[in-house]
Amino acid sequence: MSDLDPASALVYAIPLRHRFRGITVREGILLEGPLGWGEFCPFAEYDDREAANWLATALEQIESGWPEPVRDRIAVNCTVPAVGPERAYAIAAESGCRTAKIKVADHPDSLAEDIERVAAVRAALGADAALRVDANARWDVDTAVTNLKQIDRAAAGVEYAEQPCRSVEELAAVRRRVDIPIAADESIRRAEDPLRVAVAGAADIAVLKCTPLGGVRRALRVAEAAGLPCVISSALETSVGLSAQLALAGALPELDHACGLGTVELFDGDVVADSLRPVDGYLTVPRTPPQPDPALLQRFRHPDPDREAWWRARLDRVLRLVG
């Protein structure tokens, strides 16, 4: 049973630079414990049962700490939202990264825009960069096959396609019909039991996010159970929550791909003065959570009392679930 005092939690709201995952403001709660700060930021549409894993991650961070890392720095990709080609070019060119994750399938008729976007990123980063695309499970099998083949040509080669369809069975069907490697994300982390979901025949890569998986240690067990090369990705946290994702990437026995952890760049602000932003395409693995800056906590405290109350009530409910 956690001895966390919910009254001490701080509710934040930070604008995003571009609409991402359907939102323009990121909200969540910062929690302080014996070992520092953690973050509870499940998306609004997630029910309390699913949100419990997000809280377990924060409690691990502030009460138990993380396993020892086996590497000191992590190669990361830049993240290109569903923006126009000129902006996509600028984001990639200014990132310092040699890998880009490009959002596609933003709406049902987005293929032409997707093709322009990936072509712009290829032009920005050059022929030797790795480009990966993420459809967030928005296609059916036939649409995925058709669209991925065209996107692959426009990109002059895609490293992998992340979660083109929703189910494991659909991923397997797409994988049989395209030459592009397939990565599973939602199929793992939103499964009834991520430790038992059978993705080996449906995907070539496992994308893991420790925040919705229940912490670094549990995510390491999921990685072992998946039996696939892993990419660690952000769940769109501030630097406080992102530090747990970096701890997971640092602790994985093997890590052959750049990780999706450069996401603080998507925020128009942060609660940490020295944000976890990539330098020359790399992030350093932290040993302890970063300390929020009091002035930034005040600046980004949620301005809506009703919304703040909603988050506090949610935390109270989920704390009872976690026990």
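1. Helices (H or I, at least four residues) and strands (E, at least two) are DSSP runs, numbered from the N terminus. Aspartate 134 and lysine 103 are both buried (buried: under 20% relative accessible area; exposed: over 50%; partly exposed: in between; 1.4 Å probe, protein chains only).

2. Please keep in mind that this is a predicted model, where local features need pLDDT of at least 70 and side-chain atom pairs count only at pLDDT 80 or more, while totals for chains, interfaces and linings use all residues. Residues are numbered from 1 along each chain as its sequence is written, and side-chain values use heavy atoms, leaving out hydrogens and water.

3. Glutamate 308 and arginine 301 also meet through their side chains in a salt bridge (3.4 Å, N to O). Glutamate 308 is buried because its relative accessible area is 11%, whereas arginine 301, at 43%, counts as partly exposed. Elsewhere, salt bridges with shared partners join Lys101, Lys103, Asp134 and Glu162 into one network.

4. The count of salt bridges comes to 21. One of them joins aspartate 72 and arginine 287 at 3.6 Å, N to O. Aspartate 72 sits in the loop between helix 1 (48–64) and strand 4 (73–75) and arginine 287 in the loop between strand 12 (282–284) and helix 10 (294–299), so this pair ties together parts 215 residues apart in sequence. Both aspartate 72 and arginine 287 are exposed.

Key
Salt bridge = Lys/Arg side-chain N within 4 Å of Asp/Glu carboxyl O.
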